[in-house]
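Subject: Structure handover and notes

Dear colleague,

I am passing on the structure below, followed by an account of what was found in it. Please read the notes with the model open beside you.

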Amino acid sequence: MNNIEIKVPSSFVKRQLKLKQDRGAGEAKLFIGMMTSESDYDNFFNNFSSTNKYYFEKSNLIDYLKLMKMEYLAQKCNEYKDIDENYFDTIFENIDNCPDSISFTLEVFKDNLRYYIRPNTQTKNDFEKCTREIALPKITKIYITKNNDDFIFRLEPDWDEILKRDSQATQIVDLPNVPRQLIYFGAPGTGKSKAIEDVDMPNLLGSLADNYERVTFHPDYSYAHFVGTYKPVPKESDDSVITYKYVPGPFLRTFVKAVQSINNGNPEPYLLIIEEINRSNVAAVFGDVFQLLDRKDNVSEYPIQTSEDMRKYLAEELGGNSSDYDKIKIPDNMFIWATMNSADQGVFPMDTAFKRRWDFKYISVNDGQDIIADYTFTLGQGSNERVVNWNQLRVELNNFLIEECRVNEDKLLGPFFIKPSTLCKGNEEFKEAFKNKILMYLFDDAAKSKKQDLFRGCSNPKLFSAVLEEFDNKGVLIFDNSISDLFGGPIHATSSIENSRTTTSEE
């Protein structure tokens with residue numbers, strides 16, 4: 001190891017140079033690596049022997065300031081807290097008045113995980129004048145070159161980071177009008193998940209089809225599942241030993257991937273899909289993350305304070321010091337989309353404050369019905385046999401639910417209540433799906449108060465077992481005449497019309 005390269009974090013510089021979203025005056029100690037490399041750093045610095053010489057060359061600092069002058073003056077759209085032309089002129093004059101070689105002394109600082117260096121008290125001012133008052137955070141590197149017991153410190157612009165940040169704007173703002181938080185809602189079987197996966201997600205991700213994660217909420221789902229928590233896990237070196245580790249949830253995993261893509265200079269959209277978002281207590285599941293949903297220019301307007309556990313995890317995944325992640329915001333390349341079916345039993349209500357942070361997209365009960373328009377099946381036996389078009393039957397059942405049962409629209413049958421992949425399999429598969437999905441839903445839920453009217457063709461419409469038994473024999477004739485009469489007299493037709501359409505998602 002003949003030299004060390006350190007990216008200057010925001011936590012290190014003084015207040016004037018800190019990024020606006022960061023707080024505090026900065027720390028004098030400079031993070032240089034993880035404790036796993038402690039011996040390497042001790043050897044590099046000759047165990048901080050009193051014979052060591054540490055210094056900056058004035059010529060390097062002058063060159064750095066000249067290269068970064070436009071950055072100081074432009075402030076990257078006021079990215080820093082308190083930089084102006086006067087500030088630049090002052091520090092330039094201070095450095096220009098320094099000797100050619102600016103010496104100082106160092107000492108080591110350690111915590112449980114990280115290795116730092118910091119100036120000794122007697123040379124603290126000289127060190128800070130050359131680094132903490134000059135180096136622009138995250139776009140500056142410090143190079144330490146070792147020559148026996150001489151250690152030359154240099155400041156250099158991090159051109160890769162500067163170019164990455166310049167290109168980030170053009171790559172991410174290409175999606176300015178795409179909702180960052182979007183809830184698809186509608187009746188059961190309307191194809192809410194299908195709309196995400198087959199239509200909107202390809203438009204968002206394009207060739208980056210793997211940049212998403214899907215999670216399903218349920219009544220026992222919690223903040224620990226969604227964001228993350230300490231959990232017992234097998235030790236990597238010996239899976240018979242249990243240790244504890246911070247395990248991220250889908251929210252934090254997606255957040256890290258989105259930030260990593262920005263840090264790597266190639267910002268990409270990342271999508272978190274939440275199925276059945278209202279089947280859990282969203283206020284409890286989101287917790288303080290709720291605050292991050294309030295976005296301005298597609299970035300969280302208000303940061304949240306992170307826990308110590310989360311900060312350590314983020315530092316391990318994203319690099320740098322854990323203090324760099326004292327507060328976090330959702331970046332503009334992270335999208336959260338969800339589905340919601342308010343017809344479900346036992347759903348949790350969402351308050352207005354939560355809902356106003358989302359865009360909503362309604363999926364109509366008839367959206368996509370052309371996909372199932374040609375599926376026709378034979379139901380009933382003998383003289384009760386009828387050829388039934390599935391979409392026509394669905395529409396007529398919905399008409400009955402609207403007119404006779406007075407149900408809300410979210411109780412109606414969507415076109416994908418039975419998956420097209422099931423419809424393609426044939427007559428027997430359709431009959432089984434109709435019995436186990438449609439009849440059960442109508443009997444127990446949508447037509448619960450009017451089951452005697454809907455199942456007027458049954459001898460005992462109060463018993464679900466009787467409805468199922470008579471369906472095998474009577475088919476569509478178990479329903480009220482307003483439905484069954486639409487399918488004509490007894491005929492002897494063959495099985496369903498084959499259709500090559502296939503799909504794998506219903507909602």
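Asp326 is partly exposed, with a relative accessible area of 27%, where buried means under 20% relative accessible area, exposed means over 50%, and partly exposed lies in between, for a 1.4 Å probe and with protein chains only. Before going further, please note that this is a predicted model, in which local features need pLDDT of at least 70 and side-chain atom pairs count only at pLDDT 80 or more, while totals for chains, interfaces and linings use all residues. Residues are numbered from 1 along each chain as its sequence is written, and side-chain values use heavy atoms, with hydrogens and water left out.

Asp326 sits in the loop between α11 and β17, helices (H or I, at least four residues) and strands (E, at least two) being DSSP runs numbered from the N terminus. Once residues up to four places away in sequence are set aside, Asp326 touches Ile304, Gln305, Thr306 and Arg311, a contact being heavy atoms within 4.5 Å. Its C-alpha atom is separated by 9.0 Å from that of Met310, a residue 16 places away along the chain.

Thr306, one of the residues that Asp326 touches, belongs to the loop between β16 and α11 and is buried, at a relative accessible area of 5%. Apart from neighbours within four places in sequence, Thr306 is in contact with Arg311, Tyr325, Asp326, Lys327 and Ile328.

**Helix α11**

Helix α11 spans residues 308–318, and its buried residues are Met310, Arg311, Tyr313, Leu314, Ala315 and Leu318. Just after α11, Gly319 takes a positive phi of about 85 degrees.

**The chain as a whole**

The protein chain has 18 helices and 21 strands. Its radius of gyration, taken over C-alpha atoms, is 32 Å, well over the 23 Å that the globule rule (2.2 Å times the number of residues to the power 0.38) gives for 507 residues, so the chain is more spread out than a compact globule. Along the principal axes, the C-alpha atoms fill a box of roughly 105 × 55 × 40 Å.

Of the 507 residues, 49% count as buried, and among contacts between residues at least 6 apart in sequence, 72% join residues at least 24 apart. The accessible surface of the chain comes to about 23700 Å², of which 46% belongs to carbon and sulfur atoms, as computed by the Shrake-Rupley method with a 1.4 Å probe, where for residues only the protein chains shown count as cover.

The mean positions of the 61 positive and 79 negative charges are 3 Å apart. Here Lys and Arg count as positive and Asp and Glu as negative, with His and the chain ends not counted, and each charge is placed at NZ of Lys, CZ of Arg, CG of Asp or CD of Glu.

**Cysteines**

The structure holds 0 disulfides, a disulfide being a pair of cysteine sulfur atoms within 2.5 Å. The cysteine sulfur closest to that of Cys98 is in Cys130, 5.9 Å away, which is too far for a bond. Cys98 counts as buried at 9% relative accessibility, and Cys130 is buried as well, with a relative accessible area of 0%.

Ala187 is found in the loop between β9 (181–186) and α7 (192–205), and it counts as buried at 2% relative accessibility. Leaving out residues up to four places away in sequence, Ala187 touches Lys192, Asn341, Ile363, Val365, Glu409, Asp410 and Leu412. With Asn341, which lies 154 residues away along the chain, the C-alpha separation is 6.2 Å.

Asn47, in the loop between α1 (38–44) and β3 (53–57), has a positive phi of about 55 degrees although it is not a glycine, and it is exposed, with a relative accessible area of 56%. Lys138, in the loop between α5 (124–130) and β7 (140–147), likewise has a positive phi, near 70 degrees, in a residue other than glycine, and it counts as partly exposed at 33% relative accessibility.
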